[in-house]
Amino acid sequence: MKKLNHFTHPHPLVLVEEEMDWISIIYYCFACQERVEGSSYNCSECDFCLHKSCAELPTEINHPFHPSHRLILYEKRPESHPFYRCNSCRKRYKSGEELFVYRCSSCDFDLDLRCVLLPNLITGDFPKLKHFSHQHSLFFIQNHYIEPQDRSCSACEEPISGPVYCCFDCQFFLHQKCFELPPTIIHPSHRKHSLTLLPNPPPHPEKCSCHLCTKAYKGFIYYCSLCEFGIMIKYIFSDQKVIENKHHEHSFALAPRPSSSFICDACGTDGKYCIPYVCSACDIAVHKDCIALPRKIWITRHDHPVSHIYYFLEEKEVKKRGCRICPNEINTEYGCYHCPGCDYFVHVDCAMDKDIFVQEYEVTDENQNLTQINLGWLIGESSITRVLKEKKIGEEVIAIEIEHFNHGCKLVLCDDVKDEKCCDGCRRSISTSFYHCAECNYILHKQCAELPRRTRHWAFKRTFTLKSFIYTRCSFCCFYGSGLFYRNDANGWDYCVSCFVIPDTLTTKGHRHQVFFDHRFTFKCSICDDGHQKKGAFICRLKECDHFSLDYTCLTSPNTAQYKYDEHPLRLTDCDNIHHHSDQCVCDICEESRDPNEWFYYCGICDNSAHFLCVLGKYPFVKLGLTHKYGFHEHPLTFVKKDYFHDYLKCSVCDKYCKEVFLKCTQSGCRYVIDWECRLHIHRSTGL
């Protein structure tokens, strides 16, 4: 009886040569998590079991997929990250789970056992060939475990399937048919000259585009340098003469030769030098890719499904409409997506953008005539867990006593705002109806109390859950704050409710026109101009406003703010007409100059003015006085803001004077103080 002492298990393992058909229990190999069939090593004292092939794996190997270093066999991958992927097949695994992995730590390169034990490797039959498009030799793999959705061919940009040539160090993949493409061809769309295969788009004075689809070049192309004419590889493989699609009642036929120019009736973009597909029954010509456009889709920016139309008929003809996603107009003589119930229009390219498109809406006999249908995952349960008392005012029924998920006591609706109060949900001042707990002085705006526990946001495809935090950072405005935040269920990022409830189109202070969110716009904020390029902004589409743009920090700044050394509240002002041509246009806090065109806080009584970030500081929405037990100190710590009494306290960690906000120990006799910046550094490095 053959025995084996394996480095992953404390007990000796016994070799069982035959398949264990006489045992009703199904065993799985601890190395690869596959069902045990055939010879295996088993532990007589516990359920530990290994395939014979897995048990006899060497602890170190030289692998052709990573020739630069040896790969070390680990019982489980070190938990440096919560997840990892096999660098060959891209299958996702949890770090720390019981699963053998070959790893190069210096290159962060991992191979699961499925890919290590590919039949080609075992037999040594792994052909390597050179291709003109890549500097390294490529391995030919007949059968593999590469997931199609995770890898695409570098030539045709289509998902990997079937036999493949690959270089795993460079993540370079070619279908076998793409590897075997001829270096030159004669194509019917360009009969004057032969086309040469190029691995990269050529340099061009203007934006290059493929003449079969008018899309930007991707992957390999066949190209004529004399005519600057190019065709992407995927269109070489699929020049179908007639195409039928479920989204259109008639078939589309390929036109006999390229058109000098046409506008695609489906998407409304230029089809110059493109070979169109024509529906003679409807008298429309379209790009090949546009034939398959879905009739109805969900998009992130709208609560109802939007429908594709080839043209728009109205009693009063309107030829131009504004797209609700980008700043450009829509010509309604051509195709677009729209919601008829909301008078909502978007370009086809905007609606099908990967950040906007959610999924196709399946049209059935029951729903084909419905124009307004709420998404099923739009809104979850209410934050109000129980209504204790209601009052009817006219036709409206209002909850005047409630219980809220974030507070254990009864909350009573109040309308009388006597003193300066701050909402414990959004940390903004109270000026309208609010719910109040007399025992704890806990306060919520009425609209904050009624927020849904789970919902979606127009900028994302994922759902969000409403949570309460002592502190966290908003990923929109970048301010730290306390109170209620929506957490992205996919990535764990947090968004304060003040930013979260802002619609994608609105009228804001400081600008006379509507602004809307453009997720592709790279900009510097017109208000604060902090010098950083940002992606995504609220912009004005009118040319006369010269790309006016707002970031979330400026958009959500409070209209009034109290600075610690000022007697009166300061009001947010959008233009300094008083000091515009004088030397007095300086910030009274930092004493640096101010741009009179940028927003600032101003007191008309005292004639004091300041940069709005100087007034707000870094942590304007963190609730002071909150006490919490942290892992890096034995006693509870309280949020404190620097004032006259705490001006010269030193941080116990860095031994420097505390700046704006810090934590102070509440235990009598303990003088522990930590500056907030040091606390954040500890959190980033240790997670405490």
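This passage describes the fold, packing and selected local contacts of a single protein chain.

The model is predicted: local features need pLDDT of at least 70, side-chain atom pairs count only at pLDDT 80 or more, and totals for chains, interfaces and linings use all residues. Residues are numbered from 1 along each chain as its sequence is written, and side-chain values use heavy atoms, with hydrogens and water left out.

The chain holds 11 helices and 50 strands. Helices (H or I, at least four residues) and strands (E, at least two) are DSSP runs, numbered from the N terminus. Of the 688 residues in the chain, 47% are buried. Buried means under 20% relative accessible area, exposed means over 50%, and partly exposed lies in between (1.4 Å probe, protein chains only). Contact means heavy atoms within 4.5 Å. Among contacts between residues at least 6 apart in sequence, 49% join residues at least 24 apart.

In soluble globular proteins, nonpolar side chains tend to be buried together. A nonpolar core is a set of buried Ala, Val, Leu, Ile, Met, Phe, Trp, Tyr and Cys residues joined through side-chain atoms within 4.5 Å. The largest such core has 66 residues. Leu50, Tyr102, Leu111, Leu113, Leu174 and Ile233 touch the most other members. A second, separate core has 63 residues, including Ala399, Cys448, Leu466 and Cys603. Beyond its neighbours within four places in sequence, Tyr102 is in contact with residues including Leu57, Ile61, Leu73, Phe109 and Val116. Asp110 is also among the contacts of Tyr102.

Asp110 forms a salt bridge with Arg103 (3.0 Å, N to O). A salt bridge is a side-chain nitrogen of Lys or Arg within 4 Å of a carboxyl oxygen of Asp or Glu. Asp110 and Arg103 are both buried. The count of salt bridges comes to 17. Another joins the side chains of Asp489 and Arg454 (2.8 Å, N to O). This pair links distant parts of the chain, 35 residues apart: Asp489 lies in the loop between β37 and β38 (494-496), and Arg454 in strand β35 (residues 454-456). Asp489 is partly exposed, at 37% relative accessibility. Arg454 is also partly exposed, at 40%. In a further salt bridge, the closest N and O atoms of Arg487 and Asp494 are 2.7 Å apart. Arg487 counts as partly exposed because its relative accessibility is 27%. Asp494, at 4%, counts as buried.

Strand β33 (residues 434-437) directs Phe434 and His436 one way and Tyr435 and Cys437 the other; all are buried. Two strands pair if DSSP finds at least two bridges between them. Strand β32 (residues 407-414) runs antiparallel to β33 and is joined to it by 3 bridges. Leu413 has Tyr435 as its bridge partner. Strand β34 (residues 442-445) is also antiparallel to β33, with 4 bridges. Here Cys437 is partnered with Tyr442. β33 and β34 form a hairpin with 4 residues between them. In its turn, Asn441 has a positive phi of about 60 degrees.

Most residues other than glycine have a negative phi, and most peptide bonds are trans. Asp343 has a positive phi of about 55 degrees. Asp343 sits in the loop between β27 (336-339) and β28 (344-346). Glu591 likewise has a positive phi, of about 65 degrees. With a relative accessible area of 66%, Glu591 is exposed.

In helix α11 (residues 676-686), the residues Trp676, Cys678, Arg679, Leu680 and Ile682 are buried. The buried residues of α11 pack against β36 (463-473), β37 (480-488), β48 (637-641), β49 (661-665) and β50 (673-675). At the helix start, a side-chain oxygen of Asp675 comes within 3.0 Å of the backbone nitrogen of Glu677. Just after α11, Gly687 has a positive phi of about 85 degrees.

Ser609 belongs to strand β46 (residues 608-611). Ser609 is buried, with a relative accessible area of 3%. Its side chain reaches the backbone oxygen of Val586 at 3.4 Å.

Notes. Polar contact = N/O pair within 3.5 Å; in protein donor to acceptor, adjacent residues only side chain to side chain.
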